[in-house]
Amino acid sequence: MIRINNILDKLADGSPGTDVDVVERAYVYSAQVHAGQTRLSGEPYLMHPLEVANILADMRLDPISVASGLLHDVLEDTRARPEDVEGLFGADVLRIVSGVTKLSLMPTSSSQERQAENIRKMFLAMADDIRVILIKLADRLHNMRTLRFHSPEKRKAIAQETLDIYAPLAARLGIYWIKNELEENSFKYLNPEEYARIELLVAKSKAEREQYIDSVRTTIRAKLKEVDLKAEVLGRSKNFFSIYSKMKAQGLTFEQIYDLIAFRIILDTVPQCYEALGLIHSMWKPIDYKFKDYIGRPKPNMYQSLHTTVIGPVGERIEIQIRTWEMDRVAKSGIAAHWSYKEGRRIDENISKKFAWIQDMVENQETFRDPGEFLENVRLDLFPDEVYVFTPKGDIRSLPKGSTPVDFAYLIHTEIGHKCVGAKVNGQMVSLPYVLQTGDIVEVVTSKNHMPSKDWLKFVKTIKARAKIRQWVKTQEKERSISLGREMLDKAFRKERLNFVTVSKTDKMDEVVASLGVKSLEDLIANVGYGKVTPLQVLRPFTAKPVSPDSRESLLEKLMSRVRKKRTRAGVLVKGLEDILIKFGKCCQPVPGDPIIGYITQGYGVTVHRASCVNALRSSPERQIDVEWNAESAESYPAKIQVVSYDRMGLLADLVGSISKLGANILNASSDTKENKTVESQFTIGVADTEQLEKILAAVRKVKQVQYAKRIG
């Protein structure tokens with residue numbers, strides 16, 4: 001059990017003479033306002049802020065950060081007021097605690113919208129003070145350690161958000177030990193069967209692997225000793241999530257993953273690192289494409305190290321990282337390494353430059369108001385996997401892997417992106433979808449009268465490029481739609497001998513605008529042009545005849561008659577529209593239980609996609625329309641699943657049997673045996689909802705020799 005004295009001792013050890021009074025006072029105040037509260041585990045609530053503060057102390061953060069960790073929940077979960085916190089602990093603590101506090105009281109229409117706004121607020125706060133996210137990560141880390149006390153549904157939701165947002169955020173901040181623990185715990189709750197299986201496989205080979213680690217470590221130490229290089233040599237096995245991710249990405253079985261072991265060599269100076277690299281390569285054959293020099297070219301999160309993979313003893317691949325002690329400290333703590341007190345200074349003066357991507361992320365996300373689109377783009381922002389390219393003047397620029405000259409152009413300036421007509425890479429003209437590689441020298445070719453193309457959205461990778469292109473397309477589409485909508489309305493009103501321009505200035509039109517859920521007449525006209533609203537919906541209130549008292553009964557009877565004769569409704573309901581053609585996106589094949597989104601396709605009705613579908617997110621937001629699953633429908637829906645397994649007799653029959661037992665109809669099946677004796681099978685099955693689909697996937701994973709099964713599309 002963590003006690004406040006343990007935390008105070010860590011602060012004193014880390015920085016002797018530090019004033020910890022603010023931490024002691026924060027502990028007393030937190031204990032007072034949280035008195036009587038308990039967590040789901042039954043323990044006093046105070047244990048949670050204590051654990052969070054302890055994690056921050058382990059990260060060697062300053063007393064203000066630790067005090068804020070003790071107080072991080074007081075504004076949200078107690079009667080504490082912002083003015084109380086500021087009066088007792090100062091403006092810095094209040095700003096940090098306010099940044100960490102969720103928007104739980106904000107009126108939002110969905111949990112996804114609430115999640116999006118919470119994360120948006122967190123990014124804004126961390127751009128102002130990076131300590132906000134460090135406390136948020138410590139908070140999430142302890143919550144993940146105690147996740148077992150939540151309901152299964154809540155566990156999965158929290159674990160998925162952690163894997164999507166917080167683990168990659170920890171990686172971008174360079175705090176890899178938090179990233180690894182968050183990934184491991186998320187994996188355990190999101191895919192317990194696979195976690196347990198890998199845990200068992202790793203345990204079986206543990207003794208043999210530990211013996212191998214000792215042998216390699218001894219060999220490396222002896223080689224370094226020959227040239228008087230003093231070094232720490234460490235060996236470890238990769239974590240379960242890392243193993244699973246590699247199996248999934250490359251379609252490998254556990255037995256086919258050779259680089260399960262990684263070694264780290266820590267030395268005093270940079271020249272010693274390169275000398276050690278030469279010695280390692282003289283001992284064992286390196287794999288060229290696996291070598292990475294992050295000392296000469298550090299990652300944006302300040303990580304530095306030499307990475308090499310070699311064919312080690314008995315032909316096994318081993319990964320080796322070589323770094324200095326200072327690099328190792330930064331590799332463990334990331335940005336937190338620059339927040340501790342050093343010789344009276346508070347923080348590295350260049351920290352804002354090193355983490356300029358945080359401000360870029362905030363600016364890029366400001367254009368996305370749709371919560372699903374916002375969350376999807378945050379995920380893309382947090383998985384950069386950079387390539388490094390050069391401007392003609394020799395300046396280096398970092399871009400996400402897969403980026404194109406258009407992404408590079410928008411990175412330089414929005415106007416250069418808009419007017420980009422081509423690019424020279426290493427002196428040669430290339431097409432705009434050309435994928436840039438590390439080391440490329442990129443020169444953008446522009447034309448004064450050129451404008452962006454909607455087709456660029458199919459290949460650009462950066463959020464900035466996508467946002468600016470969509471913004472331009474949206475403006476152009478709105479102008480065209482206003483022109484078309486006005487023409488359609490003029491025509492419809494003329495048929496009823498009405499002048500649309502005259503009618504549009506009346507109070508009645510204001511009522512129609514409000515009733516159709518748009519903000520202005522211009523938006524209404526644009527929606528008619530988009531096809532979201534029909535001219536008849538606008539016209540009807542101006543042509544409807546008043547109902548006489550005598551006719552009310554017969555009218556009511558007619559309406560009731562229509563209700564009684566109502567057809568069975570479709571599987572998806574479209575807000576405000578009846579009898580509209582519905583089709584499902586083939587790219588993502590949504591089934592009941594998936595969050596869905598609808599897009600109007602002129603002449604083809606409404607196309608329904610999963611809310612996270614990349615193709616849907618590329619579509620114009622003006623064409624979006626609210627849709628929902630019809631709970632009364634009893635239809636089945638096609639879903640694609642992929643199964644990777646080790647080849648054996650009777651495998652296909654067992655797979656088909658496990659699917660059929662759970663009541664799913666197999667609509668299509670294909671199977672391909674690879675050279676490495678693995679079998680990749682794909683099934684299109686008819687299911688009622690995501691719950692049935694998850695049960696089928698769980699059953700398939702239990703089939704003998706199956707490595708993994710997942711939904712695709």
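The side chains of Lys179 and Glu183 come together in a salt bridge, with 3.5 Å from N to O, in a model that is predicted. Both residues belong to helix α11 (residues 176–190), and because they are four residues apart there, about one helical turn separates them. Glu183 counts as buried, since its relative accessible area is 12% and the cut-off for that class is under 20%.

## Other salt bridges

The structure holds 21 salt bridges. Side chains of opposite charge can pair when their charged atoms come close. Another of these pairs is made by Lys223 and Glu226, whose closest N and O atoms lie 3.9 Å apart; both residues sit in helix α13 (residues 206–226), three residues apart, or about one turn of the helix. Lys223, at 25% relative accessibility, counts as partly exposed, whereas Glu226, at 59%, counts as exposed.

Helix α16 (residues 325–333) contains both Arg329 and Glu326, again three residues apart and about one turn of the helix, and their side chains meet in a salt bridge at 3.0 Å, N to O. Arg329 is partly exposed, with a relative accessibility of 30%, and Glu326 is also partly exposed, with a relative accessible area of 43%.

## The chain as a whole

The chain has 713 residues, of which 48% count as buried, and its secondary structure comes to 30 helices and 21 strands. Its accessible surface is about 36200 Å², and carbon and sulfur atoms account for 51% of that area. Among the contacts in the chain with a separation of 6 or more, 67% are between residues 24 or more positions apart.

## Strand β20 and its partners

Strand β20 (residues 678–687) is mostly covered, as eight of its 10 residues are buried. Strand β18 (residues 637–646) runs antiparallel to β20 and is joined to it by 10 bridges; within this pairing, Ile641 has Phe683 of β20 as its bridge partner.

Strand β19 (residues 665–673) also runs antiparallel to β20, with eight bridges joining the two, and here the bridge partner of Ser671 is Ser681 in β20. Four residues lie between β19 and β20, which form a hairpin, and in its turn Lys677 has a positive phi of about 70°.

In soluble globular proteins, nonpolar side chains tend to be buried together. The largest nonpolar core in this model has 71 residues, and Ile7 and Val23 are those with the most contacts inside it. When its neighbours within four places in sequence are left aside, Val23 is in contact with Ile4, Leu8, Leu11, Pro63, Val66, Ala67 and Leu70. Apart from this core lies another, of 29 residues, whose members include Val627, Leu651, Ile685 and Val687.

Leu50 is found in helix α3 (residues 47–58), and it counts as buried because its relative accessibility is 4%, where the class requires under 20%. Not counting residues up to four places away in sequence, Leu50 touches Ile2, Arg3, Ile4, Ile7, Tyr27 and Leu70.

## Confidence of the prediction

The pLDDT of the chain averages 80, and 81% of the residues score at least 70. Confidence in the chain is highest in helix α15 (residues 270–283), with a mean of 94, and lowest in helix α27 (residues 552–564), where the mean is 41.

Two stretches call for separate mention. Over residues 103–109 the pLDDT is below 50, and beyond near neighbours in sequence this stretch has eight contacts in the model. Over residues 339–350 the pLDDT likewise stays under 50, and for this stretch the model has 24 contacts beyond four places in sequence.

Definitions and conventions: Residues numbered from 1 in each chain as written. Heavy atoms only, no water. Buried < 20%, exposed > 50% of the residue type's maximum accessible area, 1.4 Å probe, protein only. Pairing = 2+ DSSP bridges. Contact = heavy atoms within 4.5 Å. Areas by Shrake-Rupley, 256 points an atom, 1.4 Å probe, with all protein chains shown as cover. Salt bridge = Lys/Arg side-chain N within 4 Å of Asp/Glu carboxyl O. Core = buried A, V, L, I, M, F, W, Y, C linked by side-chain atoms within 4.5 Å. pLDDT = per-residue confidence, 0-100.
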